[in-house]
Amino acid sequence: MVGSLNLTISLLEQTCVYLVIAHLLSRTRLFIPVMHVTIRLPHKVACYLIFSIFCIMGTYFGLRLDDSIANTRAIGAVLGGILGGPSVGFAVGLTGGLHRYSLGGSTDLACAISTVAEGLIGGAVHRYLIRRGKIDLLFQPVRVSAVTFVAEVVQMAIILLVARPLPVAVHVVQNVALPMWIANTLGAGLFMRILVDRRVMVEKQSSVFSAKALKIAARAEGVLRSGFNEENSARVARIIYEETGVGAVAITDREKLLAFIGIGDDHHLPGRPISSGQTLQAIAENQVMYADGNEVAYHCSISPNCRLGAALVIPLRGEGAHVVGTIKLYEPKTRLFSTINRTLGEGIARLLSAQILAGRYEQQMHRIEQQQQLLAQSEIKLLQAQVNPHFLFNALNTLSAVIRTEPELARQLVLNLSTFFRKNLKRPSDEACLADEIEHVNAYLQIELARFTGRLAVDIDVPPDLTHARLPTFSLQPIVENAIKHGTSRLIGDGRVRIAGRCDGSDLLLSVEDNAGLYQRQPGGDGLGMGLVDRRIRSRYGDGYGLDVECDPHVFTRVTLRVPLEELAA
């Protein structure tokens, strides 16, 4: 019993060395192929090489016991099968088994056969779970430990059946069975935990790619705003291709390919109707499709000889989250380490969607100006100023920071951003009810609250019976934005913004107050936003209406908007 305990402790010590090496290697790009289920041939080769090395190491670090070796070889064989499938499991087991056979001893043949069997057991589990669509179960450390334990039981049975003379085989099993069960079972589970932790770390590092998305946005700024067509799409695709280093980039509308840059441009020709099933599904279901060539197969719908082996398809969304097209990032079959990052791709898609949305908005405003001439030039400039690139970038940067850690918050922020743009666009006239203005402001504030987490408080106090009152569109949001941009955002401490509404005789008074008290009257007026709001109100209702500003330095700034109290006609 004492000897078995000492052997177990010694074998666990060797396993620790084994796992330290695994941990160090997991920090390198070498381990990327084994962090996912392996299907593509280059990944299978990498998986075979990695786990063959660990299989041989398990024997090399093993402990001599008479003419047998107590070892952790099963870890490499079982994991090779679980992650690479039966063929990889067999190849790893055969390599590790031949190495063990070359060392000789009474159990050399039995150990060689059992190592192959362990690889096949891991491969059988791989095939079983893959066929049932339960890929995630392959990465459960407890499940891997259980499979390894079963494999070790099979190994002991093979030693008893094959090794001769039988008394020697029995003696070996009696001495090494328990230590090897413990060491291999724990070692395999911990090895898988290292892989799982590394996968999580890689996913968390995805937020780093937001900087690259913003760089792409800076280079592509304004391109799609002038029109979502083949010429502009080709320019944007070229920028994305150069910045991301992927194999190819494509942009489509809902019906045809607008641009294609990179590998496969000889047959992926702009103007062709969309034939890819994944692209059609992304458009129809408004969801991201990722055919990585491993867990989800990718096949070119145009040419069987296409060198592309993976595709990330992301919808481009317009007004009301309606899909107007897609952006697609591709990788070639020959690339072992993928440079496609889903977070980066989604960030690029959001930026391009915003450009398309802004472009259509500008076109709509241009048509209104030409056909109806309902708004003065100053009013149009005010509306255009609402689509602030800095606000958009800040909002997307906030999204990229929380999308992995707080997906529900990220979803709500996307809805708020959609509401904000919808309110900027979908105004049938230059007049709105107070409820619409408050909804517009609230969408803006929710994004700012997420950006200034814990440093900004907002209070909206407007009686329900005033929500039907009417006022010029975009009267409230520029004042609130000014209070944050030039007020609370400059405070070291917490900022507070209070929006209140009340009746004053036959007038409606709306006040926006911040606790910064940093207002300074400019020689040329109070800035584009507030100045235009004031001029529009005075032009419409007379000099008795408009904006009034009170400021107690470093205590508060209060902007009061006065308009006649009238209800919006049904």
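Biologist: What are the ground rules for numbering and confidence?
Modeller: Residues are numbered from 1 along each chain as its sequence is written, and side-chain values use heavy atoms, with hydrogens and water left out. The model is predicted, so local features need pLDDT of at least 70 and side-chain atom pairs count only at pLDDT 80 or more, while totals for chains, interfaces and linings use all residues.

Biologist: What is the strand order in the open sheet with mixed pairing?
Modeller: The order of its 5 strands is E9-E11-E12-E14-E13. Strands here are DSSP runs of E with at least two residues, helices are runs of H or I with at least four, and both are numbered from the N terminus. Two strands pair if DSSP finds at least two bridges between them.

Biologist: Which strands are at the edges?
Modeller: Strand E9 (456-461) and strand E13 (546-552), each of which pairs on one side only. From one strand to the next the twist averages 15°. Angles run from 0 to 180 degrees between N-to-C directions, with axes as lines fitted to C-alpha atoms, for helices over the stretch in contact.

Biologist: How do E11 and E12 pair?
Modeller: In the antiparallel sense, over 8 bridges, with E11 at residues 495-504 and E12 at residues 507-514. Cys 503 has Leu 508 in E12 as its bridge partner, and Asp 504 has Asp 507. The hairpin has 2 residues between the strands, and Gly 505 takes a positive phi near 65° there.

Biologist: And what about E12 and E14?
Modeller: E12 and E14 also pair in the antiparallel sense over 8 bridges. Ser 511 stands opposite Thr 560 in E14.

Biologist: Why is E12 called largely enclosed?
Modeller: Because 7 of its 8 residues are buried. Buried means under 20% relative accessible area, exposed means over 50%, and partly exposed is in between, with a 1.4 Å probe and protein chains only.

Biologist: Which helices lie across E12?
Modeller: Helix H15 (residues 434-451) lies across E9, E11 and E12, at about 170° to E9. Helix H16 (residues 477-485) lies across E9, E11, E12, E13 and strand E14 (556-564), at about 20° to E12.

Biologist: Switching to the largest nonpolar core, which residues touch the most other members?
Modeller: Of its 49 residues, they are Leu 417, Leu 434, Ile 479, Val 480, Ile 484, Val 512 and Leu 561. H15 gives the largest share, 8 residues. A nonpolar core is a set of buried Ala, Val, Leu, Ile, Met, Phe, Trp, Tyr and Cys residues joined through side-chain atoms within 4.5 Å.

Biologist: What does Leu 434 touch?
Modeller: Leaving out residues up to four places away in sequence, Leu 434 touches Val 462, Leu 466, Thr 467, Ala 469, Leu 471, Leu 508 and Leu 510. Contact means heavy atoms within 4.5 Å. Another core, of 33 residues, lies apart from the largest one, and Met 57, Val 78, Leu 79 and Phe 139 are among its members.

Biologist: Where is Ile 21, and what does it touch?
Modeller: Ile 21 is in helix H1 (residues 2-26). It touches Phe 54, Met 57 and Phe 61, again not counting residues up to four places away in sequence. Ile 21 counts as partly exposed because its relative accessibility is 26%.

Biologist: What lines the second largest pocket?
Modeller: There are 33 lining residues, and Arg 317, Arg 350, Leu 399, Val 414 and Leu 415 are the closest to its centre. The pocket holds about 900 Å³ of space, and H14 gives the largest share of the lining, 10 residues.

Technical notes
On a 1 Å grid over the protein atoms alone, a cavity is a set of points where a 1.4 Å probe fits but cannot get out, and a pocket is an open set with protein on both sides within 12 Å along at least five of seven lines; lining residues have an atom within 4 Å of a point. Grid points are joined across faces, edges and corners, and a volume is the space filled by probe spheres set on the points.
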